[in-house]
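Work through the exercises below with the model open. Each task is followed by a stepwise solution.

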Amino acid sequence: VQDLLAWRVFMSASPARPQSKGWQHSVAGAVGGSGAVLLLHPFDVIKTRLQVQDGHQGQSLSSYKGSADAARSMLQREGWRVF
């Protein structure tokens with residue numbers, strides 16, 4: 001009982017925090033998620049191209065020497081929209 005009373009006194013003495021609204025969390029999550037996709041998607045495209053290349057050696061697919069070469073080649077051949 002004494003601990004409960006002490007807790008109530010402590011909580012009443014601490015400054016009140018403003019209550020955040022649910023829509024603010026939704027907007028923050030949407031902005032954060034969109035930013036992550038826009039930033040990381042080009043790297044995922046490069047990674048996927050390199051993975052596909054490893055499984056199809058000797059076929060008509062482009063052969064990349066590494067990540068930078070893949071990005072440069074893709075940009076030259078297909079334009080910026082490839083990312």
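**Exercise 1: Salt bridges**

D44 is partly exposed, at 37% relative accessibility (buried is under 20% relative accessible area, exposed over 50%, partly exposed in between; 1.4 Å probe, protein chains only). This is a predicted model: local features need pLDDT of at least 70, side-chain atom pairs count only at pLDDT 80 or more, and totals for chains, interfaces and linings use all residues. Residues are numbered from 1 along each chain as its sequence is written, and side-chain values use heavy atoms, leaving out hydrogens and water.

Task: find the partner of D44 in a salt bridge (a side-chain nitrogen of Lys or Arg within 4 Å of a carboxyl oxygen of Asp or Glu). Then treat R49 likewise.

Step 1. The side chain of D44 meets that of K47, N to O 3.4 Å.
Step 2. Both sit in helix 2, 3 residues apart, or about one helical turn (helices are DSSP runs of H or I, at least four residues, numbered from the N terminus).
Step 3. K47 is partly exposed at 39%.
Step 4. R49 pairs with E78, closest N and O atoms 2.9 Å apart.
Step 5. R49 lies in helix 2 and E78 in helix 3, so this pair ties together parts 29 residues apart in sequence.

**Exercise 2: Q53**

Task: decide whether Q53 is buried or exposed, and list its contacts beyond four places in sequence.

Step 1. Q53 lies in helix 2, residues 22–55.
Step 2. Its relative accessible area is 10%, so Q53 is buried.
Step 3. Q53 is in contact (heavy atoms within 4.5 Å) with S62, S63 and Y64, leaving aside neighbours within four places in sequence.

Note on methods
Helix = DSSP H or I, 4+ residues; strand = E, 2+ residues; numbered from the N terminus.
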